[in-house]
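This briefing concerns the ligand sites, cavities, pocket and backbone geometry of one protein model. Please read it alongside the sequence and the coordinates.

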Amino acid sequence: MSMIADFYGGKSILITGATGFLGKVLMEKLFRTSPDLRVIYILVRPKAGQTLQQRVFQILNSKLFEKVKEVCPNVHEKIRAISADLNQNDFAISKEDMQELLSYTNIIFHCAATVRFDDHLRHAVQLNVTATQQLLLMASQMPNLEAFIHISTAFSNCNLKHIDEVIYPCPVEPKKIIDSMEWLDDAIIDEITPKLIGDRPNTYTYTKALGEMVVQQESGKLNIAIIRPSIVGATWQEPFPGWVDNINGPTGLIVAAGKGFLRSIRATPMAVADLIPADIVVNLTLAVGWYTAVHRPKSTLIYHCTSGSLNPCNWGKMGIQVLATFEKIPLERAFRRPKADFTTNNVTTQYWNAVSHRAPAIIYDFYLRLTGRKPRMTKLMNRLLRTLSMLEYFINRSWEWSTYNTEMLMSKLSPEDQRVFNFDVRQLNWLEYIENYVLGVKKYLLKEDMAGIPEAKQHLKRLRNIHYLFNTALFLIAWRLLIARSQVARNVWFFIVSFCYKFLSYFRASSTLKV
Ligand SMILES: CCCCCCCCCCCCCCCCCCCCCC(=O)SCCNC(=O)CCNC(=O)[C@H](O)C(C)(C)COP(=O)(O)OP(=O)(O)OC[C@H]1O[C@@H](n2cnc3c(N)ncnc32)[C@H](O)[C@@H]1OP(=O)(O)O
Ligand SMILES: NC(=O)C1=CN([C@@H]2O[C@H](COP(=O)(O)OP(=O)(O)OC[C@H]3O[C@@H](n4cnc5c(N)ncnc54)[C@H](OP(=O)(O)O)[C@@H]3O)[C@@H](O)[C@H]2O)C=CC1
């Protein structure tokens, strides 16, 4: 019997960010392991022309929720979508809905955030700091609340090399930042942003650090815990291996490599690739929810959900395995063959960006223009290069995260809970995981059919032939130009031609003699 699954039975759970990557995996696991839970409230905003109901319907009818329907056939009745926008005052929740949330909620999982690295500071503060503060205020009015679990990121203190499971203060108090965002205009905010974020690389990591400070300062009498996952990747085992549905983090680069857009990347092959599968994050989150509610630790505990210190993998190994998988299982309609390499300095990066990224895009756009179509490759390539420049910070450094609390929690679980809510990353086989990740990208994100693999392989063969033809033509043109200009080149050319002629004559003469 799982104590954790049992604990969530009959509970009313509030999840923010339930429509996001992690939120969906969290909801799925909750429904699958505790189908007798009372209700899951999710705060959702209408988006991309879809109503709340349409969004929920789409999630529940997705591949991810297939197994849930077997164990919890009435899942539609157990999910209650509440119209909310975390950017608005009181989240723009109606009075009745607010009353219901305040009266019944037992557990809160706060996953919502803006994860964009380059978000404007005002927006990032609003969502990652102010909204967290408002949610804590709401939580403090919930008489039945047992635990508040805040999802942060292991990179909130990426300006440090060794990071402990503690909250590190930022120089400027979050309250002052929240206040100043109300009266400063955008131009001034733009000007002070680099000074505020200091040695952090972007507004995302900075505002997530401020969010943690807010949690600490406003915790009051609440039972709170903070989880810091590193780079969340596709699922490892549950509900099935390799599930992923957005392009954040490494996923976008895996797609770009598989489609042949990404040919070189400025990364340190030996740097630790601190990836963590989404299902491990979710299992730890649910275990932390249980532990925080039942054991009520005296202070706010922080849990690092990272892989580097327990089972390290590096970017070099990961890159090789990604490419090896694409050899066996290519993506459809690739632009070029999947073939990428790491560069380690600015000069080679600029060179390969020009030769392997920009030049093919320009040539392809020229071809599109010639055939009366709209050019698009240069724009796409520029976006990819911008993305690469944003991710570079994270793939050229290694961090050490201590995992004392996470290991302590593991030791508190019963053998059954260790199995059902497994967050022991030491059991993960990286090569197998990455292969499944790449397969998952193909199946679940790009929705490509496995039956199309032979055709995809044929397409790659055609691309290889075009590549050889192009290189031969380029070589011949260069050689012709050289011969026209250099006496040495001419001599070498005559030498080769006469050597080939003599060799052929000798070969013909000896074969005539034999007859
Ligand atoms: C041997 C070599 C082998 C090579 C093989 C390859 C193997 C793999 C090697 C693996 C190395 C992994 C490194 C991971 C490090 C992650 C560190 C995370 C650390 C923190 C973790 C966290 O705690 S938190 C979650 C992370 N938070 C994000 O990860 C959001 C990022 N993101 C944005 O901050 C915005 O996205 C940004 C970029 C501003 C654009 O912003 P923007 O306004 O220009 O545009 P959009 O966002 O609308 O995206 C418009 C177009 O960008 C394209 N794109 C967007 N993301 C993309 C992406 N990741 N990879 C590719 N392409 C991407 C997309 O293809 C769109 O293309 P299209 O237009 O055709 O749809
Ligand atoms: N992915 C990763 O690699 C990592 C993520 N994390 C943390 O995990 C958490 C979840 O991340 P992830 O699932 O990847 O992120 P996603 O971007 O996939 O999901 C973000 C969620 O927040 C919601 N949200 C954003 N703005 C609002 C708003 N104004 N009102 C209501 N809801 C809003 C989104 O809703 P909508 O669908 O409407 O946009 C979505 O459900 C975040 O706190 C993130 O910082 C930490 C480490 C790594």
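Helices (H or I, at least four residues) and strands (E, at least two) are taken as DSSP runs and numbered from the N terminus. The model is predicted: local features need pLDDT of at least 70, side-chain atom pairs count only at pLDDT 80 or more, and totals for chains, interfaces and linings use all residues. Residues are numbered from 1 along each chain as its sequence is written, chains are lettered from A and ligands numbered from 1 in the order in which they are written, and side-chain values use heavy atoms, with hydrogens and water left out.

**Domains**

- Domain 1 (3–245 + 273–312 + 397–418) and domain 2 (455–514) make up the assignment of the chain, the bounds coming from an automatic or database domain assignment.
- The centres of domain 1 and domain 2, taken over C-alpha atoms, are separated by 62 Å.

**Ligand 1**

- Ligand 1 has 27 residues around it, of which R116, F117, Y204, G249 and R383 come nearest; a residue is near a molecule if one of its heavy atoms lies within 4 Å of it.
- α11 (250–258), α13 (315–328) and α15 each supply at least two residues of the shell around ligand 1.
- That shell divides into 17 nonpolar, 6 polar and 4 charged residues, where Ala, Val, Leu, Ile, Met, Phe, Trp, Tyr, Cys and Pro count as nonpolar, Asp, Glu, Lys and Arg as charged, and the others, Gly among them, as polar.
- Polar contacts (pairs of N or O atoms within 3.5 Å; within protein, one must be able to donate a hydrogen and the other to accept it, and residues adjacent in sequence count only if both atoms are side-chain atoms) include one in which a nitrogen atom of ligand 1 is 3.2 Å from a backbone N or O atom of V115.
- A nitrogen atom of ligand 1 also lies 3.1 Å from a backbone N or O atom of I247, and a polar backbone atom of L253 is 3.4 Å from a nitrogen atom of ligand 1.
- Ligand 1 taken alone exposes 1,400 Å², of which the protein buries 82%; accessible areas come from the Shrake-Rupley method with a 1.4 Å probe, and for residues only the protein chains shown count as cover.

**Ligand 2**

- T19, R45, K47, R55 and Y204 come nearest among the 27 residues around ligand 2.
- The side chain of T19 places an N or O atom 2.7 Å from an oxygen atom of ligand 2, and a polar side-chain atom of R45 lies 2.8 Å from an oxygen atom of ligand 2.
- G20 contributes a polar backbone atom that is 2.9 Å from an oxygen atom of ligand 2.
- On its own, ligand 2 has 890 Å² of accessible area, and the protein covers 90% of it.
- Two or more residues of the shell around ligand 2 come from each of α2 (21–33), α10 (203–217) and β8 (231–233).
- The shell around ligand 2 comprises 14 nonpolar, 8 polar and 5 charged residues.

**Cavities**

- On a 1 Å grid over the protein atoms alone, a cavity is a set of points where a 1.4 Å probe fits but cannot get out, and lining residues have an atom within 4 Å of a point.
- Grid points are joined across faces, edges and corners, and a volume is the space filled by probe spheres set on the points.
- The structure holds 2 cavities of 30 Å³ or more, and the largest cavity has a volume of about 50 Å³.
- The lining of the largest cavity divides into 7 nonpolar, 4 polar and no charged residues, with α12 (278–295) and β11 (301–305) each supplying at least two.
- The second largest cavity holds about 40 Å³ of space, and its lining divides into 7 nonpolar, no polar and 1 charged residue.
- F155, I231, V272, D274, W315, F394, W399 and W401 line the second largest cavity.

**Second largest pocket**

- A pocket is an open set of points with protein on both sides within 12 Å along at least five of seven lines.
- The second largest pocket has a volume of about 1,100 Å³, and F335, R336, R337, P360 and H467 are the closest to its centre of the 32 residues that line it.
- α14 gives the most to this lining, with 8 residues.
- The lining of the second largest pocket divides into 18 nonpolar, 5 polar and 9 charged residues.

**Backbone geometry**

- Most residues other than glycine have a negative phi, and most peptide bonds are trans.
- The peptide bond from E238 to P239 is cis, with omega near -10°, and P239 is found in the loop between β8 and α11.
- A92, in the loop between β3 (79–83) and α6 (95–104), has a positive phi near 55°.
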